[in-house]
Amino acid sequence: MPTTARRPRRRLTGPLVSAPLALATGAALIAAGAPAAQAKAAATIVVAKDGSGNYTSVQAAVNAVPANNPSAVTISVKPGMYRETVKIPSNKPHIRLVGTTGSKNDVTIVYNNASGTPKPGGGTYGTSGSATFAVEADDFQARNLQFVNDFNEADSSITAKQAVALRTAGDKIVLDNIGALGDQDTLLLDSASKDKVGRVYVNNAWIQGNVDFIFGRASAVITKSTIRLVKRYDGSSAGYVAAPSTAAGKHGFLIINSNITGDVSDRSHYLGRPWHAGGDASLDPQAVVRNTSLSAAIRTTPWTDMSGFSWKDDRFAEYRNTGAGSGPASTDRPQLSDSQAADYEIADWLAGWTP
């Protein structure tokens, strides 16, 4: 069949400050009954504290992206500390959140809600609701910035002290050169539901916490990253790195080519424990730590039980780790064989997706 030559698209030019007008025009098209695919955000939206961009808050930029936007939108964030909570709903895919300087330390999105923090309308936020930054959409990418929950665990008025810095619940999530800093439950890597896959690729990150601070049911790869152990608010050293809540038949957490360290007491932290969320016995939590440097902070028996569920009934293993916290294979420290390790590579976790 012969093809018809297409007229080249006109390239939109002009200052970025015209983006709100373009977005308003898109909204008008929707109201007039135009197809949803025509509602497209500006290719780049700039956030700047000093008013030199399109918006002064990250959430305002997210709000400006039309629902069901069909193509990638970059939210470019200039240096500064943005004290706000941000949520990207499931109907806003293809967002790229990028710090402008290339350093994860120059852009900080921070808030201090905890699980037990009272909500203005009554009740409390709960663990997942405490997140400083929450992503429920697919195909989200974040680069060159950090997410922080600076809730003060010494606050005796709040007993539920889980405080999430970053929560993801979509598929095909990329977190590259980012920071996730908190204490308990820092990084929640989840999926939309137990029957859905949530693939997450974390590269060159700084992840900091003490208790279950990498947790959830996502199929997550964490590579070339620093996992930093910090002391509890009372100065004690105790905790757990990972608390996977993996559904049966799915991949859990793969920590590979990374470094687990921190200024804490020797033999004070477990690599992980199985989180059977809601007491769900059908879950099959999985965490594999391989080709990673482990400091002396890691216990000689690195896995432990949780809420009545034995880690030995789930899927926990190591492979060729190094450092003072590593150790030989035993019944309390299962190690993959070389042939088994061939099925525990990054590509196995990503299942055909190339970040």
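Asp139 lies in the loop between strand E7 (133-135) and strand E8 (141-149); strands (E, at least two residues) are DSSP runs numbered from the N terminus. The model is predicted, with local features requiring pLDDT of at least 70 and side-chain atom pairs counting only at pLDDT 80 or more, while totals for chains, interfaces and linings use all residues. Residues are numbered from 1 along each chain as its sequence is written, and side-chain values use heavy atoms, with hydrogens and water left out.

**Loop residues with positive phi**

- Most residues other than glycine have a negative phi.
- Asp139, although not a glycine, has a positive phi of about 55°.
- Asp185 also has a positive phi, of about 65°, and is not a glycine.
- Asp185 is found in the loop between strand E10 (173-181) and strand E11 (187-189).
- With a relative accessible area of 7%, Asp185 is buried (buried means under 20% relative accessible area, exposed over 50%, partly exposed in between, with a 1.4 Å probe and protein chains only).

**The open sheet**

- Seven strands form an open sheet in the order E4-E7-E9-E11-E14-E17-E20, with parallel pairing; two strands pair if DSSP finds at least two bridges between them.
- Strand E4 (86-88) and strand E20 (269-272) are the edge strands, each pairing on one side only.
- From one strand to the next, the twist averages 10°, where axes are lines fitted to C-alpha atoms and angles run from 0 to 180 degrees between N-to-C directions.
- E4 and E7 pair in the parallel sense over 3 bridges, and Ile88 has Val135 in E7 as its bridge partner.

**Aromatic pairs**

- The structure holds 6 aromatic pairs; rings of Phe, Tyr and Trp (its six-membered ring) pair if their centres lie within 6.5 Å, and planes under 30 degrees apart count as stacked, over 60 as edge-to-face and the rest as tilted.
- Tyr240 and Tyr270 are stacked, because their ring centres are 5.5 Å apart and their planes lie at 10°.
- This pair links distant parts of the chain, with Tyr240 in strand E17 (residues 239-244) and Tyr270 in strand E20, 30 residues apart.
- Tyr270 is buried, at a relative accessible area of 16%.
- Tyr344 and Trp349 form a tilted pair, at 6.0 Å centre to centre and 45° between the planes.
- Tyr344 is partly exposed at 23% relative accessibility, whereas Trp349 is buried at 1%.
- Phe133, Phe140 and Phe147 are linked into a cluster by ring pairs.

**Charges over rings**

- The charged end of Arg273 sits over the ring of Tyr240, 3.7 Å from its centre; the criterion is NZ of Lys or CZ of Arg within 6 Å of the ring centre and within 35 degrees of the ring normal.
- Lys161 lies over the face of Tyr233, at 5.5 Å from the ring centre.

Terms used. Helix = DSSP H or I, 4+ residues; strand = E, 2+ residues; numbered from the N terminus.
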